[in-house]
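I opened this model to take notes on its fold and on a few backbone details. The entries follow the order in which I looked things up.

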Amino acid sequence: MTNAVPPQLPANLRGAVDLSSLVHRDERRATDAARGASAPTPSGDRVVVATDDQSFGQVLELSRSVPVVVVLWASWSEQSTQLVPSLERLVTARGGRLVLAAADADRSPQLVQALQAQAVPTVVALVGGQPVPLFQGVQPDEVIDDVFDQLLELGAQHGVTGRVPMGDGEDEEATSEEPVEPPLPPLHQEAFDAISRGDYDAAIAAYTTAIAQDPRDELAVAGLAQAKLLRRLQGKTLDEIRNRAAATPDDLDAQLDVADLDLSGGHVDDAFARLLDLFPTLDAAGKDAVRERLLELFQVVGVEDPRVGAARRRLAMLLY
């Protein structure tokens, strides 16, 4: 059982990976029979649903209006049988403000690869079509509740505040009482929309313009770093990146790529350690490249994150 409290969710959609290859808009939703009798049973209206490689595009679309919690589970995993019922109960208790999408890992190999899942169960959130790593393994209910609170706050910051009908007649009244979240600034919305459709060049241009207009716009700085990360990973596969890095340990570009991959999958400490371990072995040009990449990754994670603080201190010691 995993007892450690998951790290705090970022204030922005950071550390996301590209899920565009999993969008199958024209394919029919797989039937419950095709998913197997052991799949979690949907409850409420659409608060708990089953998904797989073929139907995941619909889950991505749903996440543009309501935050979605995705759990990769397996029938042979004892931890899955413990965690999934807890997730169903805690999501349902949110009254339609969250949706749980349960995917059988054995029947969803593309989804497992895209989410870079290292084990089952793995839990990831989707907000506005962008994934946010949450945790692996079993967690206590109070920890999950805290994560869900943070997820709803993250959704509110990005205008993802919808509610799925629960069919009990109370949701319309509850929805009408919720305050309307202010819209994103125009350039931020332009960048967010561009990231959602995979146009990272357009997102970079929008964030760059926002920073030019206001150099103190920290959200734009963080968004720019995320968009650059996504552009660097676009078109590359997990196996391609890891195999190249393993085969060419002295190839700086290969090591930078795998650090990007680690961070995009939520393995922040691994990404920082890889680059910091590499730093002393490099020439001046290589050290400059690693320093610049680390500073950019610090923005992706969030400069207030304690892991960033620790990595900054180690980098400073290596520099001086």
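Predicted model: local features only at pLDDT ≥ 70, side-chain atom pairs only at ≥ 80, totals over all residues.

**Entry 1**

I began with Gln-116 and found it in the loop between H4 and S4. Gln-116 is not a glycine, yet its phi is positive, at about 55 degrees. I noted this because most residues other than glycine have a negative phi. Is Gln-116 buried or exposed? Its relative accessibility is 9%, and the cut-off for buried is under 20%, so I logged Gln-116 as buried.

I then looked up Pro-121, which lies in the loop between helix H4 (109–114) and strand S4 (122–127). The peptide bond that joins Val-120 and Pro-121 is cis, with omega at about -5 degrees. For reference, most peptide bonds are trans.

**Entry 2: the chain as a whole**

I took the totals next. The chain has 14 helices and five strands. Of its 320 residues, 51% are buried. The accessible surface of the chain is about 15,100 Å², and carbon and sulfur atoms account for 51% of that surface. I also checked the contacts between residues at least 6 apart in sequence: 72% of them join residues at least 24 apart.

**Entry 3: the sheet**

In what order do the five strands lie? I read S1-S3-S2-S4-S5, in an open sheet with mixed pairing. Strand S1 (48–51) and strand S5 (130–136) are the edges; each has a single partner strand, so one side of each has no neighbour in the sheet. On average, neighbouring strands are turned by 25 degrees against each other, direction ignored.

I followed one pair in detail. Strand S2 (residues 68–73) and strand S3 (residues 99–104) run parallel and are joined by six bridges. In that pair, Val-68 is opposite Val-99 of S3, and Val-70 is opposite Ala-101 of S3.

I checked how well S2 is covered, and six of its six residues are buried. On one side of S2 I listed Val-68, Val-70 and Leu-72, and on the other Val-69, Val-71 and Trp-73; these residues are all buried, and both faces are covered.

**Entry 4: H3 against H5**

I turned to the helices. Two packed helices are described by the angle between their axes and the distance between the axes. Helix H3 (residues 78–92) and helix H5 (residues 141–157) cross at roughly 50 degrees, and their axes come within 11 Å. The crossing of H3 and H5 is right-handed.

Which residues make the contact? From H3 I wrote down Leu-83, Ser-86, Leu-87, Arg-89, Leu-90 and Val-91, which meet Asp-141, Ile-144, Asp-145 and Phe-148 of H5.

**Entry 5: H9 against H11**

The last pair I looked up was helix H9 (residues 218–233) and helix H11 (residues 252–264), which pack at about 120 degrees with axes 10 Å apart. H9 and H11 are therefore oblique to each other, and their crossing is left-handed. On the H9 side I noted Leu-229, Arg-232 and Leu-233; they meet Asp-257, Asp-260, Leu-261, Leu-263 and Ser-264 in H11.

Notes:
Residues numbered from 1 in each chain as written. Heavy atoms only, no water. Pairing = 2+ DSSP bridges. Helix = DSSP H or I, 4+ residues; strand = E, 2+ residues; numbered from the N terminus. Axes fitted to C-alpha atoms, helices over the stretch in contact; angles between N-to-C directions. Buried < 20%, exposed > 50% of the residue type's maximum accessible area, 1.4 Å probe, protein only. Contact = heavy atoms within 4.5 Å. Areas by Shrake-Rupley, 256 points an atom, 1.4 Å probe, with all protein chains shown as cover. Parallel < 35°, antiparallel > 145°, perpendicular 65-115°, else oblique. Left-handed = near helix turned anticlockwise from the far one by under 90°.
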